[in-house]
Number of protein chains: 2
Amino acid sequence: MTGKLLSVAGYNAWLGFNRVESSKISNPYVDWCGRIVAAEKGEIFGTAAAELTRGIESLFGIRPLTSESTEGFRCITFGTFEGGNELISRTFGAEIRSTIVPEGYAIKTNAADGCIAIGASTASGVLYGVFHLLRLLGTGCSVDKLELVENPNNGLRMINQWDNIDGSIERGYAGESIFYVNNEITMNMERVRDYARLLASIGINAIAINNVNVHKYETMLLTDKFLPDVAKLADVFRAYGIKLFLSINFASPIEIGGLSTADPLDPTVRNWWSRITAKIYTAISDFGGFLVKADSENRPGPFTYGRDHADGSNMLAEALQPHGGIVIWRCFVYNCKQDWRDRSTDRARAAFDHFKPLDGRFHDNVILQIKNGPMDFQVREPVSPLFGALEATNQVIEFQITQEYTGQQRHLCYLVPQWKEVLDFQTHAKGGNPSVKRIVDGSVYGRRFGGFAAVSNIGNDANWTGHLLAQANLYGYGRLAWNTELSAEAIAEEWVRLTFGGDDRVVRTIKGMLIHSWSIYESYTAPLGVGWMVNPDHHYGPNVDGYEYSKWGTYHFADCRGVGVDRTVKTGTGYAGQYMGDNAARYESVENCPDELLLFFHHVPYTHVLHSGVTVIQHIYDSHFNGVERAEQLEETWSGLAGIVNEGLYEQVAERLKEQAEHAREWCDMINTYFYRKSGIADQLGRKIYS
Amino acid sequence: MTGKLLSVAGYNAWLGFNRVESSKISNPYVDWCGRIVAAEKGEIFGTAAAELTRGIESLFGIRPLTSESTEGFRCITFGTFEGGNELISRTFGAEIRSTIVPEGYAIKTNAADGCIAIGASTASGVLYGVFHLLRLLGTGCSVDKLELVENPNNGLRMINQWDNIDGSIERGYAGESIFYVNNEITMNMERVRDYARLLASIGINAIAINNVNVHKYETMLLTDKFLPDVAKLADVFRAYGIKLFLSINFASPIEIGGLSTADPLDPTVRNWWSRITAKIYTAISDFGGFLVKADSENRPGPFTYGRDHADGSNMLAEALQPHGGIVIWRCFVYNCKQDWRDRSTDRARAAFDHFKPLDGRFHDNVILQIKNGPMDFQVREPVSPLFGALEATNQVIEFQITQEYTGQQRHLCYLVPQWKEVLDFQTHAKGGNPSVKRIVDGSVYGRRFGGFAAVSNIGNDANWTGHLLAQANLYGYGRLAWNTELSAEAIAEEWVRLTFGGDDRVVRTIKGMLIHSWSIYESYTAPLGVGWMVNPDHHYGPNVDGYEYSKWGTYHFADCRGVGVDRTVKTGTGYAGQYMGDNAARYESVENCPDELLLFFHHVPYTHVLHSGVTVIQHIYDSHFNGVERAEQLEETWSGLAGIVNEGLYEQVAERLKEQAEHAREWCDMINTYFYRKSGIADQLGRKIYS
């Protein structure tokens, strides 16, 4: 294996479209793929044609002819319903057209006319359809009798880059930024374009290109200094149907506007935002809007002026409204200078306490971005109680694809199962029982906007995500944002087939590794939903008391008798009462609270018996020892694929799994020793716990 | 008070020589000080004359005449015994001359000849005598009947700068380096000269100007790129009788020499060191030599080549020998990649285990530099058992003036009392009972070299040390290195008088604050000698488990039953056995071990009763609550000096004491809560411990 091989393996990710062995190419494929008929002009149509051509070449080693003419051999054709492509017109009748939303599409094998037709009402829909067809081809599906309709569940399917203009990435675990080098916007548009391809192929339609923590230089992205280069990035994404957003600094009027205030009710401030927004739209006609982290973790915000988050976000919304732009306002607002001695303040309560009272006061082009849980992307948290509680407010759910607290792409942790649990959570809202996914897609309360946002996990590492298997998280995020009904297993299988090819053993093995990885990671890290226990700042590696006496509001309160946070209404912080109906009651009750969240909601003795039948302390020992074994098994399992999967890909993963197994041992021993020292209770099975 | 006032107050430190109020100037002072007679030529004599002139001007507002002529009015005169100054010759007879070592001096009021005479056998001795006289004048002592002889106890009185060439200072708490700016040697020689004055005034005669951790650019200090500028620094220090040393990178032959090895037994390597050393002496004829941190904390060293520290240091010694240079080789060598699970490895043992077997193998221009304690400058440690154990090896004791683990110059911690305890420690060596100070001065074993080295606490802050009162540590270090018999109280009083003037209340108050400050700091930080419990990396602030599961070999092993490290021979790591005679027996015994070191040597239950009569857990609570009160009292005490001491000085200290009181509370609460949670034992006095 050469260094070069290692350095490029994985770059094409799920769009590599490994050549199908000639023996396996059945005639029908080649029949359909020899010709592409595309009648319409436009950038995204061009992208669609190019991607289809590239994919077919890669898969079958043939270069399809492209023509505008609908006459001739069998073909693949695509177009909008009203675009004048006769094959499209003939394939899709009025009835089917009426079921397709703007970004949706239909694909049908039209034997009569000799085409596979991809029809949509917009160019973006066409592009998504093309990627869908490529996915089918790439996973070896038959295309002889296609007849499908796809509409996205969510209107907004967004990626947040936490990239800083100095090239660093906050919580980035895959190298430096692909967007910025040395305080300038990159000149390497090829890499950006390759990222845009990956995103479009999984249905992403929006991207905020800079960190939500907007520092001095990033604040200037709105100015003439950077705007022309931002526009170039927007051009790249536009060709893939993706709108560009900027994270903004709420104090911009002061920092770059020369004003003495950023008070959202001050007319000069409002005027300043209107002017600068108009200027952005002059440079980028389809600019998406602003992403805002305000009054959070030392960022400026409306609180400075005695205003609230509705005042702040509405001001920006008004500036964007004439241009069709939106404000995405994060709900990650809490007191990050808490005193650890203060047992009444509860960070988990903060988002609900701040935003629930504002429900109904936000303009209709404001969207609140709510983290999946009340804390901060822990391996296990309850679902944020804001979902369902906000009835008259647009909202998107925020996930974190980058594995800040879930192994930092050094450990395998396929997050789709976690996200699925969150999305399927029953909120007991609106007197019924809608799941989170129906809240965030806007359907329950009939909201104008809804969807997903997530923090990207890519950087300039050759394989994008550092850990090759972490590509599955980016892939899964997009697929799930599009279709929340997909199972974690189905997504994993798709991804494995596209990335590693269709060998059954490979598919079965890697899929299994992915599916169990979240549970494995959880089992050797912080127990029973209590969270944290990581090293401060960088958040990698075990440190049981790492945040215990900090100002961050993240505690476990372990003492010689027990552990956990009492968040009940009766004796604790009252957080459990932020849920509706049965949820509140279930979390309030130590008997009914699910084991995996017990320590999030209750402080219990080490001898408390779980539903599983073992005590808390024994569970800690069992799960940690078990977690190490399972992490070691991952390494072992992977080694069975040596010589079967691409060597470059194999080695990348083998190296990470080795580190994971070693580091799982560190977690296990440290956590077990900590709790053994604290509780004085021995392991019933007499395994080695260091004293 | 102006910013300017604040920014300059303290710059002159103990050489400010506040104007004596005219009403207090007794005639005799002015009589003696009107004329300076200095007959000899030479740089250091020039320095002596200039310092004396400056001091007199500052104190009395008169500018003394200087002349070479011994005829005339009363005068102050100085010179070497053989320098031809008749006043010196007449004042000091052969008997007294024979008692003066090269750097020593005599001062005598010679009424018959109408002079105060400072005589010495070297120019440096003269300079030290001049500073001594200034100190007497500055503290208001009568000079009418002076008759004193001073010889330094220690030959080497060295300062180590942990300055990096990028301008940062490792463990620096008073701004940036005064030696380096942006990877260049400073052009600001005035600041360097002012530092040299301060050092010479307290008897320092050697300085290593760069961090013992020698990184890429500092390695190049030996090369033509930097040597001319290093020579300029040497020039500045030479005028104050201070020799310049460089910390070197053991891997220099590879990094800057182009060799493939740094093996100390390789002839090409030896040759390379000889050549580069000769080149240094061409640039700096009185270059002091090399300071070396090797095979320690990831620094390169002889271990890489299967050689030992005698091989490594002797190689450098041979290169330096022809030029009269010396090697100072640090004994801070231990395994910094220890596994916290490993209870048998004990970092405390490391220096002794590494260096005791090498005793006798070092060349006579090699000096081992041994930290005062076996760990790393904790607020409380036992004395290093290497003192007394090395019989045939030159050694210096290393103290840390910079307050890395003792409050980082944000807390007041006058360290002289700690150093005194170390120096007065009875080693039971050589069948007798010599104290550490007699070991390190070389007298017990008749060694050629001996003395003190210490890590400086200054930076480019206007007042040098950040915390103004931390100047007392630098002052005290120099004074103690010169005269180990001085008491901590006497040194404190000198320093206060020189810095703040002679007001009795001021002297009594500040002296009292200094004297108690170590005990105060100890009382609210890690208890009973166990050490650490600080935040990793930066080492500021409480974190009980901060190093508990680390690789650094620094543990307290607290569990629900007890706390401490078993370092006994019988059941522990055996470290106690590295001591001689009664010391070994005393530390081995849990009954006889001094309370303040109990947890360093023993793991005991929380209910263990101390000699003080209280249990370990109650002691923890008592000392921490008490420590906070005493820290608050410091602030209160200082406030009584408002309007009495210089306003600029007052404000600087007031600010730090406020922070200290607040932070002492943080230490107290965190440590108490930690141990309450862990032990489950309540405070007998029912004070507030957060659960």
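1. Contact, as the word is used in this note, means heavy atoms within 4.5 Å. On that basis Thr91(A), leaving aside residues up to four places away in sequence, touches Lys108(A), Asn110(A), Cys115(A) and Ala117(A). Thr91(A) belongs to helix H4 (residues 86-91) of chain A, where helices (H or I, at least four residues) and strands (E, at least two) are DSSP runs numbered from the N terminus. With a relative accessible area of 8%, Thr91(A) is buried; buried means under 20% relative accessible area, exposed over 50%, and partly exposed in between, with a 1.4 Å probe and protein chains only. The side chain of Thr91(A) also makes a polar contact with the side chain of Asn110(A), at 2.9 Å. A polar contact is a pair of N or O atoms within 3.5 Å; within protein, one must be able to donate a hydrogen and the other to accept it, and residues adjacent in sequence count only if both atoms are side-chain atoms.

2. This is a predicted model, in which local features need pLDDT of at least 70 and side-chain atom pairs count only at pLDDT 80 or more, while totals for chains, interfaces and linings use all residues. Residues are numbered from 1 along each chain as its sequence is written, chains are lettered from A and ligands numbered from 1 in the order in which they are written, and side-chain values use heavy atoms, with hydrogens and water left out.

3. Strand S11 (residues 243-248) of chain A is mostly covered, five of its six residues being buried. Strand S10 (residues 206-208) of chain A runs parallel to S11(A) and is joined to S11(A) by three bridges, two strands being paired if DSSP finds at least two bridges between them. Strand S12 (residues 289-292) of chain A also runs parallel to S11(A), with four bridges between the two. Phe245(A) takes part in both pairings: Phe245(A) is the bridge partner of Ala208(A), and Gly289(A) in S12(A) is a bridge partner of Phe245(A).

4. How much area do chain A and chain B bury between them? The figure is about 2,300 Å², 50% of it on carbon and sulfur atoms, where buried area is the accessible area (1.4 Å probe) that two parts lose on being put together, summed over both. Of the area that chain A buries against chain B, Arg341(A), Tyr549(A) and Arg677(A) supply 34%, more than any other three residues. The contact takes 23 residues from chain A and 23 residues from chain B.

5. Six salt bridges are found across the interface of chain A and chain B, a salt bridge being a side-chain nitrogen of Lys or Arg within 4 Å of a carboxyl oxygen of Asp or Glu. Arg341(A) forms a salt bridge with Asp669(B), the closest N and O atoms being 2.6 Å apart. The interface of chain A and chain B also has 14 residue pairs in polar contact, with both residues at pLDDT 80 or more. The side of chain A that touches chain B divides into eight nonpolar, four polar and 11 charged residues; here Ala, Val, Leu, Ile, Met, Phe, Trp, Tyr, Cys and Pro count as nonpolar, Asp, Glu, Lys and Arg as charged, and the others, Gly among them, as polar.

6. Over all chains the structure holds 89 salt bridges. In chain B, the side chains of Arg410(B) and Glu659(B) meet in a salt bridge (2.6 Å, N to O). This pair links distant parts of the chain, 249 residues apart, with Arg410(B) in the loop between strand S15 (394-400) and helix H14 (416-424) of chain B, and Glu659(B) in helix H22 (residues 647-679) of chain B. Arg410(B) is partly exposed at a relative accessible area of 31%, and Glu659(B) is partly exposed at 25%.

7. Two residues deserve a check of their backbone angles. Most residues other than glycine have a negative phi. Asn298(A), which is not a glycine, has a positive phi of about 70°, and its place is in the loop between S12 and helix H12 (309-320) of chain A. Met533(A) has a positive phi near 65° and lies in the loop between helix H18 (504-524) and strand S17 (562-563) of chain A. Is each of these residues buried or exposed? Asn298(A) counts as exposed, at 52% relative accessibility, whereas Met533(A) is buried, with a relative accessible area of 1%.
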